[in-house]
Amino acid sequence: MINLLTQHLLSFLKANINTTEDDIEVYKYGIEITISSLLNIIIILILSLIFNNVISGLCFLFCFILLRQFTGGYHAESYFKCNLALAISYLCVLFISNFIAKLPLSFVEGLLIIGLIVVIIFSPVNNKHKPLTEQKKSVCKRVSIIIYSSLTVVSIVLKSLRIYYGAVIALTLLVVALMIIIEIYMQKEGYHES
């Protein structure tokens, strides 16, 4: 589906603007990423509607997208696998949040500290499609630490007030940290290029 839409949009671009083959490859990648990202958002919103928890879906999307753009992390080999991985991640957050919401605040704080350590040590993760200069890596690391820390504070405040969404935010942050670890492992084992 993504490839079909991309081909139609590329055909439109070729017919209406003067482009080189190199430009077409850049456009193709940008269009594919945009369609896949929109599809990911739609999938999460549909799942949150199905489970009658739209606010959880919005919390997940906000935290995940905001943090992930600076940390990097696991990238699936296909758009289908990417969509599936994100949907499964969201469903795990949605269902485990009910359990985490009942645990003591100190347990959640401990999990968040572990995630923060992962972000501090390993982010941003290299990606062959999005190479980073040393300066950009430094900026991404600082921004990811600030975002993670800020969302941690929000999560802890909500959790201390016994508001369920504190658990959703905490688990979303942990999903991002886990995706960092998974991608580093995949690169070390040679499954992905850095």
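Modeller: A residue joins a surface patch if it has over 30% relative accessible area and no salt bridge, with nonpolar side chains joined within 5 Å; the model read in this way is a predicted one.

Colleague: What makes the nonpolar surface patch, and which helix gives the largest share of the patch?

Modeller: L38, I42, I46, I50, F51 and F95 make the patch, which covers about 580 Å², and helix 2, residues 21-50, contributes four residues, the largest share.

Colleague: Why is I42 called partly exposed?

Modeller: I42, which sits in helix 2, has a relative accessibility of 45%; buried means under 20% and exposed over 50%, so I42 falls in between and counts as partly exposed.

Colleague: How do you know which residues line the largest pocket, and what lies closest to its centre?

Modeller: A lining residue has an atom within 4 Å of a point of the pocket. The largest pocket holds about 1,200 Å³ of space, and among its 41 lining residues I33, R68, H75, C82 and N127 are the closest to the centre. By class, this lining has 19 nonpolar, 14 polar and eight charged residues, and helices 2, 3, 4, 6 and 7 each supply at least two residues of it.

Colleague: What makes up the lining of the second largest pocket?

Modeller: The second largest pocket, with about 240 Å³ of space, is lined by 13 residues, of which S89, C92, L174, V175 and L178 are the closest to its centre. Helix 4 and helix 7 are the elements that give two or more residues to this lining, whose classes are twelve nonpolar, one polar and no charged.

Definitions and conventions: Residues numbered from 1 in each chain as written. Predicted model: local features only at pLDDT ≥ 70, side-chain atom pairs only at ≥ 80, totals over all residues. Heavy atoms only, no water. Patch = residues over 30% accessible without salt bridge, like charges linked within 9 Å, V, L, I, M, F, W, Y side chains within 5 Å. Areas by Shrake-Rupley, 256 points an atom, 1.4 Å probe, with all protein chains shown as cover. Salt bridge = Lys/Arg side-chain N within 4 Å of Asp/Glu carboxyl O. Buried < 20%, exposed > 50% of the residue type's maximum accessible area, 1.4 Å probe, protein only. 1 Å grid on protein atoms, 1.4 Å probe; cavity = no way out; pocket = protein on both sides within 12 Å on 5 of 7 lines; lining within 4 Å. Points joined across faces, edges and corners; volume = space filled by probe spheres on them. Nonpolar A, V, L, I, M, F, W, Y, C, P; charged D, E, K, R; others polar.
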